[in-house]
Amino acid sequence: MNIGNLTNLQLTIITLLGTFILVSLTFLLLPFFKRQYAIRNLHKLFNEKIHRYVLEKDYYLIPQVKVKLPGNRDVIIDHLVFGNKYIYAIKDLYFQGGLLGKGSDKEWSYYEYKYQEPKYRYIPNPFLLNRQRIEKLIMVTGLEPTLFISVILVNNDAMINRIPVSEDNQFIVNIRQFPRLLDAIES
């Protein structure tokens, strides 16, 4: 088939069909690329949202705090927010599914829904891991443990509604609810 032999109507139909296919593929693949971008840039995206909130409230933010421990080990806290009353040690996590567990459990159930049938697995309890980070920070700084609040910050798509939101100054919240949580704690 020679392009010179095609009529204007045929060229228009081919162009419209090609455009339709490209637009359809874009809409089908857009959620995948948005998710991949969010996973790769999680700390940056969360840091921007936290930074906006902190500036509005006149709090202080230190991103990516690295605490050196004996034995060439490091503890990394994603964000430290200094509010009026408390210091918030924040850990960023991304989940494509739901979590189920209690603050005292050693492991939580995690089910991913990106597959046709959900995949279940166990993950270490983020509350316990963040509490350990805070304990190391307390050990190095000598600050009072009652000053620290542990916050696990997850993406808005994560299903966390079956987890106790708060246990013993430990909170899990999605990024959308983060400002309301800190406002409630500080008031």
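User: Which residue forms a salt bridge with Asp183?
Analyst: In this predicted model, Asp183 pairs with Lys57, and their closest N and O atoms are 3.4 Å apart. The two residues come from distant parts of the chain: Asp183 belongs to helix α4 and Lys57 to helix α2, 126 residues apart.

User: How do the axes of α2 and α4 cross?
Analyst: The axes of α2 (residues 42-57) and α4 (residues 178-186) come within 10 Å and cross at roughly 35°. The crossing is right-handed.

User: Which residues make that contact?
Analyst: Helix α2 contributes Ile50, Tyr53 and Lys57, while α4 contributes Phe178, Pro179, Leu182 and Asp183. By class, the contact has 5 nonpolar and 2 charged residues, with no polar ones.

User: How many salt bridges does the structure hold?
Analyst: There are 2. Besides the pair already described, Asp78 and Lys91 meet through their side chains at 3.5 Å, N to O. Asp78 lies in strand β2 (residues 73-82) and Lys91 in strand β3 (residues 87-93), so this bridge ties together parts 13 residues apart in sequence. Both Asp78 and Lys91 are buried.

User: Changing topic: what is the strand order in the open sheet of 3 strands?
Analyst: The order is β4-β5-β6, with antiparallel pairing. Strands β4 (97-100) and β6 (119-124) form the edges, each pairing on one side only. On average, neighbouring strands are turned by 25° against each other, direction ignored.

User: How many bridges join β5 to β6?
Analyst: Strand β5 (residues 107-112) is joined to β6 by 6 bridges. One of the bridge partners in β6 is Lys119, which pairs with Glu112.

Terms used
Residues are numbered from 1 along each chain as its sequence is written. This is a predicted model: local features need pLDDT of at least 70, side-chain atom pairs count only at pLDDT 80 or more; totals for chains, interfaces and linings use all residues. Side-chain values use heavy atoms; hydrogens and water are left out. Axes are lines fitted to C-alpha atoms, for helices over the stretch in contact, and angles run from 0 to 180 degrees between N-to-C directions. Helices (H or I, at least four residues) and strands (E, at least two) are DSSP runs, numbered from the N terminus. A crossing is left-handed if the near helix is turned anticlockwise from the far one by less than a right angle, and right-handed if clockwise. Contact means heavy atoms within 4.5 Å. Ala, Val, Leu, Ile, Met, Phe, Trp, Tyr, Cys and Pro count as nonpolar, Asp, Glu, Lys and Arg as charged, and the others, Gly among them, as polar. Two strands pair if DSSP finds at least two bridges between them. A salt bridge is a side-chain nitrogen of Lys or Arg within 4 Å of a carboxyl oxygen of Asp or Glu. Buried means under 20% relative accessible area, exposed over 50%, partly exposed in between (1.4 Å probe, protein chains only).
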